[in-house]
Structure formats: C-alpha cells, structure tokens
Amino acid sequence: MTMQLVRGMSSINTKKRKAKRNPGWEKAQAAHDAWLMKKGLHPSQLKNKEKSSGASIPNYATTSSTVPTSDIVTSFHGKRKTNEYSGDYITGLATMHKSNTVPVGRGDDPKVYAQMRRG
C-alpha cells in the first residue's frame, strides 16, 4: 500500500519552520507597529474595540404614511391590433440555413430556398 495524502495537503511534513529574518527586521517591525498604533489598527488596540459591520438596520416600525396613495384602478384596453402586411410583392416566408426565416418575393427562384444555400 502507498501512503495517501489528505485532500488539500501538498506534503506530509507538518513541522513548523522558523521564519528567516533579514538583518534590520526588528527596526522595520517596530516602525510598522508604531504606524499601526498611530492609525489605531494595532492588534492590541483592536482587541478592545467593539466589532460592528458598519451598516445599521433601518427601523421599519413606522406606520404613518407621508405620501398619499390612490385606490383607482385604470380601465383595461385589451389586446393591441396586430400589424398585417397588405402588399402584393411578398408571397410567403422560407426557412434557410440555421432556421433563418426570409421573405419570399414574387419572381424569386424557389430552388434557392429549397436547397437551403448558405450564401
């Protein structure tokens, strides 16, 4: 049998490594901590701060209406009148390549539509 890894793991070595620090790291870290303290974002300051999402929930309990409303229902006009072709040039519709519907005019060659040519 072979040793299998748990999904998401890239190796079986879980030993915590010591971080490699460059010379002068302490000075840079102290400057960064001072900057965080000045902004009020240092972890020691954030521990005491009250957590909030920043958005307040509106109060929907008010029942007074300031905008007057109406109970009038408008009349129903029914279905619109459909447009109908009244000319005499177009004699029908033909289906071409990829379900493209094209008008068939008087005097057109019907073989073109029957063979469903692309171009």
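The structure examined here is a predicted model, in which local features need pLDDT of at least 70 and side-chain atom pairs count only at pLDDT 80 or more, while totals for chains, interfaces and linings use all residues. Residues are numbered from 1 along each chain as its sequence is written, and side-chain values use heavy atoms, with hydrogens and water left out.

We can begin with the helices. Helices (H or I, at least four residues) and strands (E, at least two) are DSSP runs, numbered from the N terminus. After helix 1 comes G40, with a positive phi near 80 degrees. H42 sits in the loop between helix 1 (25-39) and helix 2. Is H42 buried or exposed? With a relative accessibility of 17%, H42 counts as buried; the cut-offs are under 20% relative accessible area for buried, over 50% for exposed, and partly exposed in between (1.4 Å probe, protein chains only). Leaving aside neighbours within four places in sequence, H42 is in contact (heavy atoms within 4.5 Å) with D33, L36 and M37.

Next come the strands. Strand 1 and strand 2 run antiparallel and are joined by 5 bridges; two strands pair if DSSP finds at least two bridges between them. Within this pairing, L93 stands opposite P103 of strand 2. The hairpin has 5 residues between its strands, and K98 takes a positive phi near 55 degrees there. G105, in strand 2, is buried at a relative accessible area of 6%. Its C-alpha atom lies 5.6 Å from that of T91, although G105 and T91 are 14 residues apart in sequence. Beyond four places in sequence, G105 touches Y89, I90 and T91.

The largest nonpolar core has 5 residues: A94, M96, V102, V104 and Y113. Such a core is a set of buried Ala, Val, Leu, Ile, Met, Phe, Trp, Tyr and Cys residues joined through side-chain atoms within 4.5 Å. Not counting residues up to four places away in sequence, A94 touches N100, T101, V102, V104 and Y113.

How many salt bridges are there? The count comes to 1, taking a salt bridge as a side-chain nitrogen of Lys or Arg within 4 Å of a carboxyl oxygen of Asp or Glu. The partners are D88 and R106, whose closest N and O atoms are 3.8 Å apart. D88 lies in the loop between helix 2 (43-48) and strand 1 (90-95), and R106 in the loop between strand 2 (101-105) and helix 3 (110-114), so the pair ties together parts that are 18 residues apart in sequence. D88 is exposed, at 59% relative accessibility. G87, also in the loop between helix 2 and strand 1, counts as partly exposed at 39% relative accessibility. The C-alpha atoms of G87 and P58 are separated by 62 Å, with the two residues 29 apart along the chain.
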